[in-house]
Amino acid sequence: MKRAQKERLERAGWKVGTASELLGLTEAEEALVEAKLQLGDAVRALRAKNHLSQAALAKLMGSSQPRVAKLENRDPEVSLDLQMKAVFAASPEARRDFQGLVKKWSMRSSAPRRSTVAAGTRGRMP
């Protein structure tokens, strides 16, 4: 929203903010909503890149064409499971890419924990 428009709305008594502020979402909830929106777009892009129709993708994932259409059109009823299933069906290399990402996250988060556990819980009892 442009600054002038925002100021005009605020002068008129409107409160201007983000959807996250309006709904009172935590950062994690906001990130999940954004991820779901991005996955819908990614499925459409992967399907097009691989020259698949919605019906062909649906067959690969064991679903239906209307479900693929809902997924691509950001229907809030579409589960994260179905979105990931569509990504993996549309792009065989996505599974490997996702496993690499999870491994990267795991390595980042587990390193500090190991040193904390080793320093804080092992050794002699007082």
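I am working with a predicted model, where local features need pLDDT of at least 70, side-chain atom pairs count only at pLDDT 80 or more, and totals for chains, interfaces and linings use all residues. Numbering starts from 1 along each chain as its sequence is written, and side-chain values use heavy atoms, with hydrogens and water left out.

**Overview.** I looked up the secondary structure and got seven helices and zero strands. Helices (H or I, at least four residues) and strands (E, at least two) are DSSP runs, numbered from the N terminus. The order from the N terminus is α-α-α-α-α-α-α. Next I checked burial. Of the 126 residues in the chain, 20% are buried. Here buried means under 20% relative accessible area, exposed over 50%, and partly exposed in between (1.4 Å probe, protein chains only). I then looked at contacts (heavy atoms within 4.5 Å). Among those with a separation of 6 or more, 50% join residues 24 or more positions apart.

**H4 against H6.** I looked up the axes of H4 (residues 54-61) and H6 (residues 80-90). They come within 9 Å and cross at roughly 105°. The axes are lines fitted to C-alpha atoms, for helices over the stretch in contact, with angles from 0 to 180 degrees between N-to-C directions. The two helices are therefore roughly perpendicular (65 to 115 degrees; under 35 is roughly parallel, over 145 roughly antiparallel, the rest oblique). From H4, the contact uses Leu57, Leu60 and Met61; from H6, it uses Leu82, Lys85, Ala86, Ala89 and Ala90. I sorted these residues into seven nonpolar, no polar and one charged. In that sorting Ala, Val, Leu, Ile, Met, Phe, Trp, Tyr, Cys and Pro are nonpolar, Asp, Glu, Lys and Arg charged, and the others, Gly among them, polar.

**Faces of H4.** I find Gln54, Leu57, Ala58 and Met61 buried in H4. Their arc around the axis is only 105°, which puts them on the same side of H4. I take the arc from the directions from the helix axis to the C-beta atoms. Lys59 and Leu60 are exposed on the face turned away from the buried side. The cover over the buried residues includes H3 (27-49), H5 (65-72) and H6. Just after H4, Gly62 has a positive phi of about 70°.

**Faces of H5.** Val68, Ala69, Leu71 and Glu72 are the buried residues of H5. They span an arc of only 160°, so they lie on the same side of H5. I see them packed against H3, H4 and H6.

**Core.** I looked up the largest nonpolar core, which has 16 residues. Such a core is a set of buried Ala, Val, Leu, Ile, Met, Phe, Trp, Tyr and Cys residues joined through side-chain atoms within 4.5 Å. Val43, Leu57, Met61, Leu71 and Val87 touch the most other members. H3, H4, H5 and H6 each supply at least two residues, and H6 gives the largest share, five. Leaving aside neighbours within four places in sequence, Val87 contacts Leu39, Val43, Leu46 and Ala94.

**Positive phi.** Most residues other than glycine have a negative phi. I noted two entries here. His51, not a glycine, has a positive phi of about 55°. His51 sits in the loop between H3 and H4 and is exposed, at 74% relative accessible area. Arg74, also not a glycine, has a positive phi of about 60°. Arg74 lies in the loop between H5 and H6 and is partly exposed at 42%.
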